[in-house]
Structure formats: structure tokens, C-alpha cells
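Q: I am new to this structure and would like to learn how to read it feature by feature. Could you take me through it slowly, with the general idea before each case?

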Amino acid sequence: GRRCRARPPAPNLGRVASRRELKSARDVAEAFSAGELDIAHGSPVSAASELRKDPRFAPYLLNTIQLHTSYVGYDSGSAPFNRIEVRQAFNAAINRERINERIFSGLGAVAQSLLPPGLLGYDADLRGPAYDPERARSLLRQAGYPDGFELNYWTWDTDEFNNSGQMPLIFEDLAFVGIRVNVSRHTAVEARARLTVSNHGLIWA
């Protein structure tokens, strides 16, 4: 005989509306808390911590580690990042635990390698660079930058890495070892297009 598979019922939705004017994950979380949204994705961990305490929302929260690793990028084909000592100093200068505590209320997973837990190839035994500002300064001296150097960061209105406070903390860490970052505001198109130019002198996230 022939077996027919029943078609699942169609969703009972008249329409779906997206709130594109919300510029940051915090704006989305606040709109959700106010009852203006039915579904919110990617709420900041600090906002999620507040929602977990609210009996209206706690039963419906889905918590998981994303198959995603956030990082700060740079052009290693030109100075100063063409020196391995500078790249190592940059890594040693950033206090990842502080970012997790201050931005993610300690609920994030500090990346120890490029691959996150759950992704094929992840190795729990790999350990990332330790936070060590003294070592960062020493490496900069070895690379010929005893007084540090300046970099540029181009941000835009929906730059979540900057708006969330992550990048300002990184800028503080870098400044502590002598790497000064100049921040300027542009459109997202301008900022991304700049990265296609050789020797652009930017860091990005």
C-alpha cells in the first residue's frame, strides 16, 4: 500500500513584523521586556540575566553556546602587525575575563581558541594567550615600539561590538600597554569598504 505523510498544520499567523529601527541588542531586550516584541534573539547576557529572574519570561528563555567566536581583526600584512611580537603583544594585552564579567555578567564562554565548544575540531585542551600586560609591553619593545603606537577603529550606529561596551574595554586594555586607538564614526558601508584597501591601518570586530 501507499503511505501518505500528513502535512503539518500551517502556523496561525496573520502577519510577521520586524522592528528594524532597534539599533542594538539592548534596545531589542528592552522592547521585549516592555511587551513590544513576541520574539527576541541575541539578547545581551546582562539583559538575559534580568529576564531569568522575571517569572513572566524565565520559562521561555533558551540558553545555549553559539557556534560563533567574536574576535578583533587586523592587517598582518603591513606594519605594525607584520611583526609577530606585535600580534602576540596585542593578544596578551586583552583581559578577556574582564570582558566576560563586565559585558556578559560572567555567563559567556571565554574563547581559548578560534573554534567554540560544539564545533567539529574544538579541543578543550587548547589554552589561549594569558592576560599579561607586562609581557605585552616587553614584546612591543622587542618589536621596536617602546612607546607603543596608534591605531584607528571605525564604528557606525549599529556596531554592536562597540555599542555593547566590548570595544571600549579592549581600547582601555590596549592603552594600558601603549597601543592607542582613535575611534571615529562612519556609515557601516564606509567602514567595511575601508577594510578592502591595503595598509588600511584599522582594527575591526
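A: Let us start with what an axis is: axes are lines fitted to C-alpha atoms, for helices over the stretch in contact, and the angles between their N-to-C directions run from 0 to 180 degrees. Please keep in mind throughout that this is a predicted model.

Q: At what angle do the axes of helix H4 and helix H7 cross?
A: In general, two packed helices are described by the angle between their axes and the distance between the axes. Here helix H4 (residues 96-104) and helix H7 (residues 166-177) cross at roughly 145°, and their axes come within 10 Å. The crossing in which H4 passes H7 is right-handed.

Q: Which residues of H4 and H7 meet there?
A: From H4 come Arg98, Ile99, Arg102, Ile103 and Phe104, and they meet Gln166, Leu169, Ile170, Glu172 and Asp173 of H7. Sorted by class, the residues of this contact between H4 and H7 are five nonpolar, one polar and four charged.

Q: How do helix H3 and helix H5 pack, by angle and by distance between their axes?
A: Helix H3 (residues 84-93) packs with helix H5 (residues 133-142) at an angle of about 165°, and the two axes are 8 Å apart. Because angles over 145 degrees count as roughly antiparallel, H3 is roughly antiparallel to H5. The crossing of H3 past H5 is left-handed.

Q: Which residues make up the contact of H3 with H5?
A: On the H3 side they are Glu85, Val86, Gln88, Ala89, Ala92 and Ala93, which meet Pro133, Arg135, Ala136, Leu139, Leu140 and Gln142 on the H5 side. Grouped by class, this contact of H3 with H5 has eight nonpolar, two polar and two charged residues.

Q: Which residues of H5 are buried, and where do they lie around the axis?
A: Buried means under 20% relative accessible area. In H5 the buried residues are Pro133, Ala136, Arg137, Leu139 and Leu140. Viewed down the axis of H5, they fall within an arc of 160°, so they line one face of the helix. These buried residues of H5 pack against H3, strand E1 (149-155), H7 and strand E2 (179-185).

Q: What are the buried residues of helix H1?
A: In helix H1 (residues 25-33), Ala25, Val28, Ala29, Ala31 and Phe32 are buried. Around the axis they cover an arc of only 165°, which puts them on the same side of H1. Glu30 also lies in H1, but with 47% relative accessibility it counts as partly exposed. Between the C-alpha atoms of Glu30 and Pro133, which are 103 residues apart along the chain, the separation is 36 Å.

Q: Where does the backbone show a cis peptide bond or a positive phi?
A: Most residues other than glycine have a negative phi, and most peptide bonds are trans. In this model a cis peptide bond, with omega about 0°, joins Ala79 and Pro80, and Pro80 is found in the loop between helix H2 (45-52) and H3. Asn199, a residue other than glycine, has a positive phi near 55°, and its place is in the segment after helix H8 (188-194).

Q: Is Asn199 buried or exposed?
A: Asn199 is exposed, since its relative accessible area is 54%.

Q: Which glycines with a positive phi follow H1 and H5?
A: Just after H1, Gly35 takes a positive phi of about 85°, while H5 is followed by Gly144, whose positive phi is near 95°.

Terms used
Residues are numbered from 1 along each chain as its sequence is written. This is a predicted model: local features need pLDDT of at least 70, side-chain atom pairs count only at pLDDT 80 or more; totals for chains, interfaces and linings use all residues. Side-chain values use heavy atoms; hydrogens and water are left out. Helices (H or I, at least four residues) and strands (E, at least two) are DSSP runs, numbered from the N terminus. Angles under 35 degrees count as roughly parallel, over 145 as roughly antiparallel, 65 to 115 as roughly perpendicular and the rest as oblique. A crossing is left-handed if the near helix is turned anticlockwise from the far one by less than a right angle, and right-handed if clockwise. Contact means heavy atoms within 4.5 Å. Ala, Val, Leu, Ile, Met, Phe, Trp, Tyr, Cys and Pro count as nonpolar, Asp, Glu, Lys and Arg as charged, and the others, Gly among them, as polar. Buried means under 20% relative accessible area, exposed over 50%, partly exposed in between (1.4 Å probe, protein chains only). The arc is that of the directions from the helix axis to the C-beta atoms.
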